Amino acid sequence: MADDTSLAFIHPGHPLYDGELELRFRVLREPLGFTRADVKFPFEDASLHLVAHAGDTVTGCVLFHPEDAHGGRLFQMAVAPSLQGQGLGARLVRALEDELRQRRFRHVHLHARAQVVPFYERLGYAVYGEPYVEVGVPHRNMQRDL
């Protein structure tokens with residue numbers, strides 16, 4: 001992974017936010033046939049946004065939506081295709097978890113696309129419940145205590 005990659009917590013309206021949305025579109029939505037209008041979630045403003053960036057180029061992101069005082073959902077994890085498999089995704093998740101611990105959150109859950117379940121398992125997440133389809137793709141629910 002490039003040494004010039006920095007991590008930053010941002011918010012909608014931040015100068016890097018448009019780059020985050022573009023990365024989420026290119027990696028998570030466009031391959032499934034969705035439009036840019038399908039990228040944003042209704043709870044964007046109430047979510048934590050952690051981005052990896054090299055200068056003003058967003059290379060990775062992960063979001064967290066608090067659902068109560070103790071936990072919430074990790075979502076919209078994306079890494080630029082050219083950087084996948086180099087540890088950036090794990091770095092993003094670990095940094096997010098560190099921040100969540102500081103904010104006294106105790107658990108995280110997520111909806112993992114089936115092909116990335118092993119990635120999350122390596123980070124300590126466990127599958128629970130039955131497989132299902134979301135956005136036309138097989139998914140599994142996963143969770144982890146912090």
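This is a predicted model: local features need pLDDT of at least 70, side-chain atom pairs count only at pLDDT 80 or more; totals for chains, interfaces and linings use all residues.

Trainee: What makes the radius of gyration of the chain agree with that of a compact globule?

Mentor: For 146 residues, a compact globule would have a radius of gyration near 15 Å; the chain has 14 Å, and therefore the two agree. Along the principal axes, the C-alpha trace spans about 40 × 35 × 30 Å. Buried residues account for 45% of the 146 residues. Of the contacts between residues at least 6 apart in sequence, 60% join residues at least 24 apart.

Trainee: Why is Leu-48 called buried?

Mentor: The cut-off for a buried residue is a relative accessible area under 20%. Leu-48 has 12%, so the residue is buried. Leu-48 belongs to strand E2, residues 48-54.

Trainee: Which residues is Leu-48 in contact with, leaving aside its neighbours within four places in sequence?

Mentor: They are Phe-9, Val-62, Leu-63, Phe-64, Leu-96, Glu-99, Leu-100 and Arg-103. For Leu-63, the separation from Leu-48 is 15 residues in sequence, and 5.5 Å in space from C-alpha to C-alpha.

Trainee: Why is Arg-104 called exposed?

Mentor: Exposed requires a relative accessible area over 50%. Arg-104 has 65%, and is therefore exposed. Arg-104 is located in the loop between helix H2 (88-102) and E5. Its phi is positive, at about 70 degrees, although Arg-104 is not a glycine.

Trainee: Why does Val-135 count as partly exposed?

Mentor: Val-135 has a relative accessibility of 30%, so it counts as partly exposed. Val-135 is not a glycine, yet it has a positive phi of about 45 degrees. The loop that holds Val-135 lies between E6 and E7, in a hairpin with two residues between the strands.

Trainee: How do you know that E6 and E7 pair?

Mentor: Two strands pair if there are at least two bridges between them. Strand E6 (residues 126-134) and E7 have six bridges, in the antiparallel sense. Tyr-132 stands opposite His-139 in E7.

Trainee: How do you know that strand E5 and strand E7 pair?

Mentor: The test is again at least two bridges. Strand E5 (residues 107-113) and strand E7 (residues 137-145) have seven bridges, likewise in the antiparallel sense. Here His-109 stands opposite Gln-143 in E7.

Trainee: What is the volume of the largest pocket, and how many residues line it?

Mentor: The volume of the largest pocket is about 770 Å³, and 32 residues line it. Two or more lining residues come from each of helix H1 (17-29), strand E4 (71-79), H2, E5 and helix H3 (117-122). Nearest the centre of the pocket are Leu-28, Met-77, Ala-78, Val-116 and Tyr-120. E4 gives the most to the lining, with seven residues.

Trainee: How many residues of the lining are nonpolar, polar and charged?

Mentor: The lining of the largest pocket has 18 nonpolar, nine polar and five charged residues.

Conventions
Residues are numbered from 1 along each chain as its sequence is written. Side-chain values use heavy atoms; hydrogens and water are left out. Helices (H or I, at least four residues) and strands (E, at least two) are DSSP runs, numbered from the N terminus. Buried means under 20% relative accessible area, exposed over 50%, partly exposed in between (1.4 Å probe, protein chains only). On a 1 Å grid over the protein atoms alone, a cavity is a set of points where a 1.4 Å probe fits but cannot get out, and a pocket is an open set with protein on both sides within 12 Å along at least five of seven lines; lining residues have an atom within 4 Å of a point. Grid points are joined across faces, edges and corners, and a volume is the space filled by probe spheres set on the points. Ala, Val, Leu, Ile, Met, Phe, Trp, Tyr, Cys and Pro count as nonpolar, Asp, Glu, Lys and Arg as charged, and the others, Gly among them, as polar. The radius of gyration is taken over C-alpha atoms; the globule rule is 2.2 Å times the number of residues to the power 0.38. Contact means heavy atoms within 4.5 Å.
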